[in-house]
Amino acid sequence: MKLILEQVEAATDLIRVMTFRPATDVALPDYTAGAHLEFDLGSVGKRSYSLIDWPTESDLYTVAVQHEVTGDGGSRAMHALRVGEAIEATEPQNNFPLIDGDKPVLLLAGGIGITPMISMATHLQKQERPFQLHYTGRDVSRMGFTETLKSEFNNAVSFYEDNRKPLELGQLMSSLALDTLVYLCGPRGMIDAARNAAVEAGISEQAIHIELFTIAESRDGDTAFEVEVSSTGQVVKVEADQTIIEALEAAGVDVMYDCQRGDCGICQCDVISGIPDHRDVVLSDAERASGSVMQICVSRAKSARLVIDL
Ligand code: FES
């Protein structure tokens, strides 16, 4: 899809709200709450941003991009786009869908992780379904959309600041009905803490849905290892600063993936032999412990070679 940047507004000093229209005279495809667009940023690569849908109807696409000062150039490239410029993007895809039904819903957003939650709150409010939206950040000056969230969702939304009014995760999770569906979107530390608190409070792991807002980063001590593709026997070396997907693609192996953060589950592979070093947030503890599946966008190996079912 070719899109044209129609409008840019600042939500905070670092967050720009970018609205796109179609390049041709056709309606943009519909999308569901939690969906994202993947933009083609040329040499920088592809980057995904959640679509924002407020209760006020719009037939355009809106995303919000936070400038990541120490990032890998994706947000810089998005911010460099000028109104009237064209960009290629996929049609909306949704790896973070809301489950239909009448169960109560908890939406918990950290920082720029608020973006998919806005569309979810809009959808839930239209359905008259009970929900709570909890939005936490370092301080309110860095948290976009606070005024609009208050006016659109009133008492359903609560705000927290790390230093002045921190979110008490244990208290929040233990206040929920046990059949609550929990949606988490934000940085890794918040997601891990919130998921643990929800499980400790008795919420089932299957009721917890996650989208990360960080990309895979190498860690100190990461080393190279080999991956063998079981269907062809091809062996590919994964360097210490490469992901398995990057190494496979560089070697000409066709791989399916999307988020590249370890939360969507699209790149999941069966492990035939070797020991995975899991770094995703999508597998359950039992799946991780089994060692028989892994997300090859972020996870690595604890053994010298992994044989994966590709
Ligand atoms: S591409 Fe989403 S989990 Fe790997």
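Predicted model: local features only at pLDDT ≥ 70, side-chain atom pairs only at ≥ 80, totals over all residues.

Student: What makes β1 and β2 a pair?

Tutor: The same test of at least two bridges applies. β1 and strand β2 (residues 15-22) are antiparallel over 7 bridges, and Ile4 has Arg21 as its bridge partner in β2. The two strands are therefore paired. A hairpin of 4 residues joins β1 to β2.

Student: Why is Ala224 called partly exposed?

Tutor: A residue is buried with 20 or more other C-beta atoms within 10 Å, exposed with 12 or fewer, and partly exposed in between. Ala224 has 14 such atoms, so Ala224 is partly exposed. Ala224 lies in the loop between β11 (208-212) and β12 (225-229).

Student: How do you know that Ala224 is in contact with Lys237?

Tutor: Contact requires C-beta atoms that lie within 7 Å. Leaving aside neighbours within four places in sequence, the residues that Ala224 contacts are Lys237, Val238, Glu239 and Ala240. The C-beta atoms of Ala224 and Lys237 therefore lie within 7 Å.

Student: What makes β12 and β13 a pair?

Tutor: β12 and β13 run antiparallel and are joined by 4 bridges. At least two are needed, so these strands pair. In β13, Lys237 stands opposite Glu226.

Student: Why are β13 and β16 said to stand at the edges?

Tutor: The open sheet has 5 strands in the order β13-β12-β18-β14-β16, with mixed pairing. β13 (235-238) and β16 (293-295) each have a single partner strand, so one side of each is left without a neighbour in the sheet. From one strand to the next, the twist averages 40°.

Student: Which residues touch the most other members of the largest nonpolar core?

Tutor: That core has 84 residues, and those touching the most other members are Val63, Leu107, Met117, Ala121, Tyr183 and Leu184. Helix α2 (residues 114-126) gives the most to this core, with 6 residues. Not counting residues up to four places away in sequence, Ala121 touches Leu107, Phe131, Leu133, Phe153 and Ala156.

How values were computed
Residues numbered from 1 in each chain as written. Core = buried A, V, L, I, M, F, W, Y, C linked by C-beta atoms within 7 Å. Contact = placed C-beta atoms within 7 Å. Axes fitted to C-alpha atoms, helices over the stretch in contact; angles between N-to-C directions.
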